[in-house]
Amino acid sequence: MLEKKTEIPKHIAIIMDGNGRWAKEKNKPRVFGHKAGAEALRKVVTHSKKIGVKYLTVYAFSTENWKRSKEEVEALMLLFKAYISSERKDLLKNKIRFVVSGRKEGVSESLLKAIDSLEEATSKDYEMTLNIAFNYGGRSEIVDAFNKAMATGEKVTEENFSKFLYNQFPDPELLIRTSGEFRISNFLLWQIAYSEIYVTDVYWPDFSEKDLDKAIENFNKRERRFGGRLNAE
Ligand code: IPE
Ligand code: IPE
Ligand code: MG
């Protein structure tokens, strides 16, 4: 349980990693880990809403994840589609807006349709945004943004650049990566310039409400400087 005075980050971003290793430890196929990962996400979304997070961005499939076996890629596509239909009711009930960020290329028509439909259904009355990075790459996002800007003929500045990105959410204050890996893997390159990074050894399928609270408590101990100096004399 978080203390009352805890500052809840407005935007939390999560690299949900370790599904494969979690399954391997149990002598199960990787897909078993991805299924358990979807369950973990469900819990984390509900908890985030409860504690007052406004934006939750989760990395579900990277532009590099196409390099995995055909079976695994297909299973991930099917799982995402299943997630969209199984979560519809709860997302609407809990006033959670569903947004997907990423490129459309390579994603099936039927999955794109399912995404559109849930995005539309949850776009009106919401208190939290769940942003799923799917077929997402930080570099693709920056390149796409740059091309959009070029098409308008507008000069790009640090201030106006974000309006060409996939979304105009506030930058995440907290970036969590599970499974003990200390890398960004092409996630949110522009937006995490000053995010606080928290890495936990916990594999994503085991990541619970308690682990999210722990990450937030750790975030509360950070001294964010943004290049300046606190208590400067
Ligand atoms: C994260 O788990 C889910 C996706 C990248 C789709 P992994 O599948 O990367 O699991 P590990 O890293 O192999 O354990
Ligand atoms: C990052 O995890 C992508 C997602 C969590 C969707 P990966 O497992 O693909 O990253 P690397 O290969 O370890 O860098
Ligand atoms: Mg991984």
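In this predicted model, a backbone N or O atom of Asn19 lies 3.2 Å from an oxygen atom of ligand 1, a polar contact being a pair of N or O atoms within 3.5 Å (within protein, one must be able to donate a hydrogen and the other to accept it, and residues adjacent in sequence count only if both atoms are side-chain atoms). Side chains also approach ligand 1: an N or O atom of the Arg30 side chain is 2.8 Å from a ligand oxygen atom, and a polar side-chain atom of Arg68 is found 2.7 Å from an oxygen atom of ligand 1. Of the 380 Å² that ligand 1 exposes when taken alone, the protein buries 87%, accessible areas coming from the Shrake-Rupley method with a 1.4 Å probe, with only the protein chains shown counting as cover for residues.

The shell around ligand 1 has 13 residues, of which Asp17, Gly20, Arg21, Arg30 and Arg68 come nearest; a residue is near a molecule or strand if one of its heavy atoms lies within 4 Å of it. Helix 1 (19–25), helix 2 (30–51) and helix 3 (70–93) each contribute at least two residues to this shell, and the largest share, three residues, belongs to helix 1, where helices (H or I, at least four residues) and strands (E, at least two) are DSSP runs numbered from the N terminus.

Arg68 is also part of the surroundings of ligand 2, together with residues including Tyr59, Ala60, Phe61, Arg183 and Ser185. On its own ligand 2 has 390 Å² of accessible area, and the protein covers 77% of that. Strand 2 (residues 55–62) supplies the largest share of the shell around ligand 2, namely three residues.

Ala133 belongs to strand 4 (residues 128–136) and counts as buried because its relative accessibility is 1%, buried meaning under 20% relative accessible area, exposed over 50%, and partly exposed in between (1.4 Å probe, protein chains only).

Residues are numbered from 1 along each chain as its sequence is written, and chains are lettered from A and ligands numbered from 1 in the order in which they are written. Local features need pLDDT of at least 70 and side-chain atom pairs count only at pLDDT 80 or more, whereas totals for chains, interfaces and linings use all residues, and side-chain values use heavy atoms, with hydrogens and water left out.
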